[in-house]
Each structure stands twice: as structure tokens, then as C-alpha cells.
Amino acid sequence: MSKRFDVLREIERLDAERDHQRIVHLSFGYEFPWDSIRALEIALYRTYCVPTISALLDRTGEFRERTQQRYDDTSLIIAEMCKWGYESGRGKEALERMNWAHGHFKISNDDFLYVLSTFIFQPVHWIDAFGWRKTSRNEQLGYYYFWREVGKRMGIQDIPPSYEAFEQWTGAYERDHFRFAETNQRVGTSTRDLFAAWFPRIFTPIVRYSIYAMLDDSMIAAFGFPKPLPLTRPLLRASLKLRGAFVRWLPPRREPHFFTDSRNRTYPNGYRIRELGPPRLVAAEQRRTQETP
């Protein structure tokens with residue numbers, strides 16, 4: 001019978017650089033399946049605070065017209081890589097699909113680099129604050145090496161050479177680039193309303209204020225959102241910490257669970273990785289394939 005800290009012990013026996021794909025699989029799939037999804041939602045929200053990033057998202061119209069699909073496509077691609085790794089099979093196919101989608105747009109290296117950084121540090125920040133245990137050093141390094149290698153395969157240049165160097169770079173980037181823009185607000189509002197739509201309408205005000213409470217002051221300013229009511233942040237944080245404390249006493253998970261393993265709102269009957277992406281681009285790709293002799 002497995003014990004509560006068996007997975008952590010396995011993670012600690014692994015080499016963070018060599019075995020980073022296994023570490024991410026164990027950490028996200030067994031230890032923190034719910035927390036990792038919430039953390040990556042906050043990670044995506046942070047990227048919307050950068051006007052150059054939000055302007056691109058706003059210009060495509062996808063976040064206004066197909067917010068749920070954009071959320072699902074992004075989450076599915078990330079989850080496929082975290083579940084299977086990025087070197088072969090479905091994980092490699094997901095990485096190639098992500099590169100295919102990005103290849104249709106002009107995105108600066110620094111913006112790519114910042115988005116990559118959020119996938120490393122936001123899970124650490126969330127789990128350390130609200131998880132049933134804190135991340136270990138080996139997990140943190142595993143996240144770094146995992147996304148560093150994904151970044152290399154995305155063609156991202158100048159990835160900082162260590163976890164600490166990347167964390168410092170990320171802080172400086174946010175200080176220099178987080179600022180209010182109407183495109184931030186439009187993309188942030190669409191995503192906020194998407195999250196609220198997952199609950200009965202009577203809870204909409206509560207969900208909205210809960211989202212505001214999960215954003216730090218620099219993010220609130222960048223979105224132009226109202227500051228949360230004084231007690232909202234401490235109450236929400238306390239409830240999340242209480243959840244983590246409760247999970248600590250549950251039996252350990254025997255099977256991994258990723259975002260891909262839950263019923264999907266956009267694709268309730270399943271999906272094919274090669275068909276993920278903006279419908280306009282998918283349709284154009286399919287036409288080219290049909291026309292090719």
C-alpha cells in the first residue's frame with residue numbers, strides 16, 4: 001500500500017536535469033493535479049498583463065469569440081506534454097501543434113520567454129502557498145529543466161542558465177512591462193467571465209471578486225480591475241490553505257490525473273491534437289492538405 005510521501009521520495013531520488021520529464025509527470029499528475037491547473041490559470045492571467053501579449057490575443061478575436069476553446073486548447077496542449085513528456089508520442093505531437101499555432105504570428109523572443117517563465121514559477125508559488133505540501137528543490141529544478149527544454153524546441157533564445165537567474169529575469173521583466181492597456185482589460189475580462197460561467201449565475205459576483213482576490217496589486221492595476229474588498233484576499237487564501245491541509249490527510253493518488261483526463265467542455269466527445277487551434281487556421285490547414293496531390 002502506497003504511503004503519503006512515497007511519490008515525493010521517488011522525486012527526490014531522481015536527477016532533476018536528467019529526469020525532469022518524470023518529475024513533472026509525478027508532481028503534476030499525482031501530487032498536485034488540481035493545484036497545477038489552478039496555477040497555470042494564474043500563469044496565463046499574468047501573461048495578459050503585458051500589452052504586447054494581450055494585443056496579439058485581442059487582435060485575433062479568439063478570446064472574445066471562443067474563450068472556452070482557447071482556454072481548453074492551451075490547457076490540453078500543456079497537459080499532454082506534462083503527462084507524456086515532449087520527446088515522443090502525444091507529448092511531442094502537442095509541442096509540434098503549439099509551434100504550428102505560434103508560427104502564424106509574430107511574437108518577440110522576450111514575450112515567448114516570459115510566458116515560458118510563468119509555467120515554471122507560478123506552479124511553485126501556488127503550490128507553496130496552497131498545496132498539501134511545499135514543492136521540493138528537486139521539483140523546482142525539474143520544472144525549470146522541463147520548460148527550458150520545451151523552450152529550446154520552440155526556438156526561444158537566451159533562456160537564463162539557472163532557476164534563480166530565470167526567476168530574477170522574470171521579476172525584472174514584470175517590473176518593466178506590466179502596465180495598464182485596454183487590450184489587457186478586454187482579454188482579462190473575457191477570461192474572468194469564462195470562469196464565472198462555469199458556476200450558476202447567482203454566484204457570478206462571488207466568482208468575480210474571488211478572481212480579483214487571486215491577482216496581486218500589479219495585476220489588478222494592469223487589468224484596471226477593481227481592488228478586492230478588504231477581507232476577500234485573506235478569506236480566500238485561508239480557504240485554499242484549509243483545502244490543502246485537508247488533502248494532506250487523504251490517501252495518496254494511485255493513478256495520475258491531468259487536465260486531459262477530465263471531460264472537456266469544448267470537446268465532450270474527445271479531440272485530436274492535430275485539430276487543436278484557432279478554427280480559421282485549422283480550416284486553412286485542412287484545405288491545403290486536401291489540395292496537396
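1. A residue is called buried under 20% relative accessible area, exposed over 50%, and partly exposed in between (1.4 Å probe, protein chains only). By that criterion Ile 220, at 3% relative accessibility, counts as buried. The model is predicted: local features need pLDDT of at least 70, side-chain atom pairs count only at pLDDT 80 or more, and totals for chains, interfaces and linings use all residues. Residues are numbered from 1 along each chain as its sequence is written, and side-chain values use heavy atoms, with hydrogens and water left out.

2. Helices (H or I, at least four residues) and strands (E, at least two) are DSSP runs, numbered from the N terminus. Ile 220 belongs to helix 13 (residues 217-223). Contact is taken as heavy atoms within 4.5 Å. Not counting residues up to four places away in sequence, Ile 220 touches Tyr 212, Leu 215, Phe 225, Pro 226, Lys 227, Pro 228 and Arg 233. Between the C-alpha atoms of Ile 220 and Leu 281 there are 33 Å in space, and the two residues are 61 residues apart in sequence.

3. Helix 2 (residues 20-31) is largely enclosed by the rest of the structure, because 11 of its 12 residues are buried. Among the buried residues of helix 2 are His 20, His 25, Phe 28, Tyr 30 and Glu 31. The packing partners of the buried residues of helix 2 are helix 1 (6-13), helix 3 (33-47), helix 6 (67-84), helix 8 (109-130) and helix 9 (137-153).

4. Two packed helices are described by the angle between their axes and the distance between the axes. Here axes are lines fitted to C-alpha atoms, for helices over the stretch in contact, and angles run from 0 to 180 degrees between N-to-C directions. Angles under 35 degrees count as roughly parallel, over 145 as roughly antiparallel, 65 to 115 as roughly perpendicular and the rest as oblique. A crossing is left-handed if the near helix is turned anticlockwise from the far one by less than a right angle, and right-handed if clockwise.

5. The axes of helix 4 (residues 51-60) and helix 11 (residues 182-197) come within 8 Å and cross at roughly 60 degrees. Helix 4 is therefore oblique to helix 11, and the crossing is left-handed. On the helix 4 side the contact involves Pro 51, Ser 54, Ala 55, Leu 57 and Asp 58, which meet Thr 183, Asn 184, Arg 186 and Val 187 of helix 11. By class, the residues of this contact comprise four nonpolar, three polar and two charged.

6. Within helix 4, Pro 51, Ile 53, Ser 54, Leu 56 and Asp 58 are buried. These buried residues pack against helix 3, helix 5 (62-65), helix 8, helix 10 (163-177) and helix 11. Leu 56 has a relative accessible area of 14%; leaving aside its neighbours within four places in sequence, Leu 56 is in contact with Phe 105 and Ile 107. Just after helix 4, Gly 61 takes a positive phi of about 80 degrees.

7. The axes of helix 6 and helix 9 come within 12 Å and cross at roughly 120 degrees, and the two helices are therefore oblique to each other. Their crossing is right-handed. Ile 78, Met 81 and Cys 82 of helix 6 make the contact with Phe 146, Trp 147 and Val 150 of helix 9. The classes in this contact are six nonpolar, no polar and no charged residues.

8. A nonpolar core is a set of buried Ala, Val, Leu, Ile, Met, Phe, Trp, Tyr and Cys residues joined through side-chain atoms within 4.5 Å. In the largest such core, of 73 residues, Tyr 45, Met 81, Trp 147 and Val 150 touch the most other members. Helix 8 gives the most to this core, with nine residues. Leaving aside neighbours within four places in sequence, the contacts of Tyr 45 include Gly 188, Arg 192, Phe 195, Met 219 and Phe 225. Another core, of eight residues, lies apart from it, with Ala 39, Trp 126, Ala 129 and Leu 236 among its members.

9. Asp 158 is placed in the loop between helix 9 and helix 10 and, at 67% relative accessibility, counts as exposed.

Technical notes
Nonpolar A, V, L, I, M, F, W, Y, C, P; charged D, E, K, R; others polar.
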